[in-house]
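Let's go through this chain together and ask what stands behind each label. Have a look at the sequence and the fold before we start.

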Amino acid sequence: MTAGTTGGQPRIRLNDHGPLTPAGLGAWTPTRTVSVVVPAYRCQETLDLTLAALAGQSYPAHLTEVIVVDDGGGPALRIGEIAPERTRIVPSRPGGWGRAWACQTGADAAEGEVVHWLDADMVPFREHVEAQLRWHHLADYLVVLGSLRFTDVSAGLPSAAEVHAAVAGGRVEELFPPETTEPHDWVEEFLARTDDLRDCPIDAYNVHCGATASVSARLLRAAGGMDTSLVLGEDTELGYRLAQQGAVFVPEREARSRHLGLHTVGTREAEVKRHNWPLLAERVPELRWLRTHPTRRRLVPYVDVVVDVAGARYEDVRATVDGVLASTLPDLAVTLVGPWSALTAERRSPLDDPLLDLRLARGTYEHDGRVAFTEDPGGDSAPAMFRLRLPAGWVPGPDTLRNLTADADTDCAGVVDVVLDGHGDLVTARLERTAAVTRARFLAAADEDLDDVVHQTFGTRWTSGETWGFLPASAAGAPSTSRSNAELTRLRNEAEKWKAQAARWKGEATRWKAEAAGRKKDAAEWKAEATRWRRSAVQWRRELSQLRRARYRWRRRLAEHAPFLRTVRKTLSRPQDSDDR
């Protein structure tokens, strides 16, 4: 597999960063500027060590700025005696607190082309920044993840001068020997299982660790920056939104660092999960195992169904939207696209209003929180994982959306075109993977078809609407009046599928039984033949025994007549007299 290029940007398929070859450390000339953003909260002692380590980096100082964000909570932080030349401290902007808030403050102040997050209790090795930035010189949609190990510092910390000397001299492992450190076990296991994320097309964002990671400023802005409402789990949530902007995640093992202290998740894992999982369940629809409730609406939908209602009959719009809202896939939203601004409050003839169908559609759904109205749906539905473009007048079955998205995940298809009606004008629905569309839009040349780029980076395919249960409004029944009824319908359909499967298994069993009966008959014949051979063998043994006894009798008789026979032999062999001749 190779990565094509357009305008200097390589085209990476899924998350397979393998075709990219970064420059050798120390053997290239960097050109991109980087802003190292260090969120800090009451940590002057460890901050001094982090800044001392940054002062010893191999990445050019004139391309590097360091922004320390003081998140308050104590005496104002200061820049230590050993720090990069272009280091400044900015206070967290008013109105919030926490790591995400501080990181976003730093990102807003950053001037670099790349933003590099680094916690204030980290000691990066000499090539740490260089190792990450060399990837950002290859493509502008990469998220690069550094490698860290946790070290127990209960016995005390080294001085800033010791840290700077160790980093600049390439001797960090002497200061923090590997045998005294612990790896980030979960991340290492994830990387080993996915070939360093090359075989991880959808959920590579899970290992996005904010303690040491870098991203282009362009990509960070496209994703919307940090979710400042989160005080834990913000790096996972940001990783998800970066993925929806087409990001490719790259682990860089040469971007080594030491974390001063043990891992919070390692020491309080159950408490961290209890805190994070309910909040991530609202914001990260890819975490399907956290979304088990059959009816709840979530902050970020899994699928956004976009229906263009301009010029459509109200009855067709209602059939389509009601069918979608009755889906057994609960975490979805509906976006109705139409000229809503034309619906003014001026006097009109209620029954002869040319915009009556549009008014009825808005009146039916304007109080449903799952339905939004827009005149411009934009190019994607980020941060939702999927967008389904569905023409008014076509109705999905209860399980259609659940099954169609699950099928798209089997090969990570970027676009699935669904043929609804091939008679006359072609009518299609279109399932779009957000990550595929956003990446293609970034990579595509001005005159290039977007689907060609999606096909190259994720893949596209066609399928039949009948396969997935799409029906025209005229043939579709009314949706169930409750979710429980819809669920019952789904379970009945499942039962029918299992019943059909059981019938197939029963047919197989009948064939196997018939085959076994045939083999039983063969076995009986083989047994009879074996019996005949056994009887023949017994008869042959008897005959052989008789022959042996006969031979014995002849030998015994010869022995009895042996003297006589010897006399006869002598007589016959005696010479005859001449007279006799």
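Q: Why is Leu 360 called partly exposed?
A: Leu 360 sits in helix H12, residues 356–365, where helices (H or I, at least four residues) and strands (E, at least two) are DSSP runs, numbered from the N terminus. Its relative accessibility is 37%. Buried means under 20% relative accessible area, exposed over 50%, and partly exposed in between (1.4 Å probe, protein chains only), so Leu 360 counts as partly exposed. Its C-alpha atom is 9.6 Å from that of Arg 313, 47 residues apart along the chain.

Q: What kind of model is this, and how are residues numbered?
A: This is a predicted model, in which local features need pLDDT of at least 70 and side-chain atom pairs count only at pLDDT 80 or more, while totals for chains, interfaces and linings use all residues. Residues are numbered from 1 along each chain as its sequence is written, and side-chain values use heavy atoms, with hydrogens and water left out.

Q: Is Trp 97 buried or exposed, and how do you know?
A: Trp 97 has a relative accessible area of 59%, and the threshold for exposed is over 50%, so Trp 97 is exposed. Trp 97 lies in the loop between strand S5 (87–91) and helix H2 (99–109).

Q: Why is Gly 73 called partly exposed?
A: The relative accessible area of Gly 73 is 47%, so Gly 73 belongs to the partly exposed class. Gly 73 is in the loop between strand S4 (64–70) and S5. Leaving out residues up to four places away in sequence, Gly 73 touches Tyr 41 and Arg 42, contact meaning heavy atoms within 4.5 Å.

Q: Why is strand S17 described as largely enclosed?
A: Five of the seven residues of S17 (415–421) are buried, so the rest of the structure largely encloses this strand.

Q: How do you know that S17 pairs with S18 and S19?
A: Two strands pair if DSSP finds at least two bridges between them. S17 and S18 (427–433) have six bridges, in the antiparallel sense, and Asp 421 stands opposite Val 427. S17 and S19 (460–464) have five, in the parallel sense, with Val 419 opposite Ser 464.

Q: What makes a set of residues a nonpolar core?
A: The members are buried Ala, Val, Leu, Ile, Met, Phe, Trp, Tyr and Cys residues joined through side-chain atoms within 4.5 Å. The largest such core has 76 residues, and Leu 242 is among those with the most contacts inside it. Helix H11 (314–325) gives the largest share, five residues. A second, separate core of 24 residues includes Val 66 and Met 122.
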